[in-house]
Amino acid sequence: MTIMESSPCDTYYFAIGSMMNPQSMRNRRIHPKSSCPAELFGFALRFSGVLGFADAVPAEGSSIHGVLHLVDAETMARLDALEIAYRRVNGQARLYDGTIVTATVYTKEAFTSTQKDNPPQQRYLELLIEGAKHFKVHEKQIKFLENHKCVPRPQPHAFKSFGAAAADAPLMSYEKDVCPFNGRDTPNLRLAVNGKVLEIFVKNVEGTLFKNSLNFYKQFGQRVEMALSRIMYDPKYGCPESVEECTREQSAYIEHNLYHNSEVNTSIDHFQVIGRIHQEYKD
């Protein structure tokens with residue numbers, strides 16, 4: 001597999017995380033001109049942060065196998081908006097046919113955090129493996145990922161929930177009662193998930209992690225099943241084309257992920273269940 005010749009406005013982007021996975025790329029509307037496996041020199045792979053996401057850490061004498069994408073300027077700008085917590089640096093990448101190119105990679109080289117580094121989630125590790133196999137990344141990288149410690153995917157009985165809506169809670173409409181309250185044009189953000197409507201007042205939450213999540217809802221909407229199944233693609237459950245294609249387990253799992261993310265970005269105490277919303281499940 002080789003990569004096509006670039007134009008002056010194109011960038012070679014080296015992916016080590018979810019952007020190795022073709023489904024994750026489609027979910028984020030990332031469409032490279034071409035993609036191929038490659039090795040990036042001068043960096044080491046590390047899983048860091050509370051959720052254990054992949055980081056490319058500058059390390060002399062080390063290298064990482066991943067996927068080299070050729071992207072245009074518009075796609076690169078979209079990636080920058082998605083990877084707002086990182087900064088881009090250049091490195092030398094070698095394709096498996098021996099070709100050397102200068103590539104850009106996201107790193108937290110200058111990022112200091114007091115958060116504890118955790119192993120990757122099983123969901124995340126599986127999507128990396130799926131992507132690496134798809135693009136025929138070097139077998140030693142795939143074996144490394146397959147043997148890496150991870151946080152197991154929770155079982156349904158352990159899913160966290162924001163709780164049920166009160167019996168007398170109003171039945172709301174997504175178009176009229178949820179969508180207009182986006183946390184950018186209004187002081188409050190409303191989300192619909194698993195048959196309930198959540199509300200949070202944006203000014204009550206500090207930190208960039210929560211603020212960044214507003215960008216995702218702007219892109220993917222405030223139906224959390226549709227947004228998180230794309231942002232946090234899980235090979236086990238896939239990506240439904242509509243809320244009605246979600247099983248009860250998948251909707252509960254996505255609510256669990258929203259709850260867990262809210263714990264991480266310290267917004268959990270500010271969410272309230274304010275209503276119900278009609279939801280049909282696949283099962």
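Start by selecting Gln 222 and Arg 190: the backbone oxygen of Arg 190 lies 2.9 Å from a polar atom of the side chain of Gln 222. A polar contact is a pair of N or O atoms within 3.5 Å; within protein, one must be able to donate a hydrogen and the other to accept it, and residues adjacent in sequence count only if both atoms are side-chain atoms.

This is a predicted model, where local features need pLDDT of at least 70, side-chain atom pairs count only at pLDDT 80 or more, and totals for chains, interfaces and linings use all residues. Residues are numbered from 1 along each chain as its sequence is written, and side-chain values use heavy atoms, with hydrogens and water left out.

**Stay on Gln 222.** Gln 222 sits in the loop between helix 6 and helix 7. Helices (H or I, at least four residues) and strands (E, at least two) are DSSP runs, numbered from the N terminus. Is Gln 222 buried or exposed? Its relative accessibility is 5%, so Gln 222 counts as buried. Buried means under 20% relative accessible area, exposed over 50%, partly exposed in between (1.4 Å probe, protein chains only). Now show its contacts, meaning heavy atoms within 4.5 Å. Select residues 208–220. Helix 6 has 13 residues and reaches 19 Å from its first C-alpha to its last, close to the 18 Å expected at 1.5 Å a residue. That expected span is 1.5 Å times one less than the number of residues. Colour its buried residues: Phe 210, Asn 212, Ser 213, Leu 214, Phe 216, Tyr 217 and Phe 220. Their cover includes helix 1, helix 2 (73–82), strand 7, strand 8 (196–201), helix 7 and helix 8.

**Zoom in on Phe 220.** This residue belongs to helix 6. With 11% relative accessibility, Phe 220 counts as buried. Leaving aside neighbours within four places in sequence, Phe 220 is in contact with Asn 27, Arg 28, Arg 29, Ala 227, Arg 230 and Ile 231. Just after helix 6, look at Gly 221, which takes a positive phi of about 90°.

**Move on to helix 7.** Select residues 224–231. Eight of the eight residues are buried, so helix 7 is largely enclosed by the rest of the structure. They pack against helix 1 (22–27), strand 7 (188–193), helix 6 and helix 8.

On a 1 Å grid over the protein atoms alone, a cavity is a set of points where a 1.4 Å probe fits but cannot get out, and a pocket is an open set with protein on both sides within 12 Å along at least five of seven lines; lining residues have an atom within 4 Å of a point. Grid points are joined across faces, edges and corners, and a volume is the space filled by probe spheres set on the points.

There is one cavity of 30 Å³ or more. The largest cavity holds about 70 Å³ of space. Select its lining, including Leu 228, Ser 229, Tyr 253 and Asn 257. Which helix gives the most to this lining? Helix 8 does, with four residues.

**Finish at the second largest pocket.** Its volume is about 220 Å³. Of its 17 lining residues, Gln 121, Pro 154, His 256, Asn 257 and His 260 are the closest to its centre. Helix 3 (122–134) and helix 8 (248–264) each give two or more residues to the lining. Helix 8 gives the most, with six.
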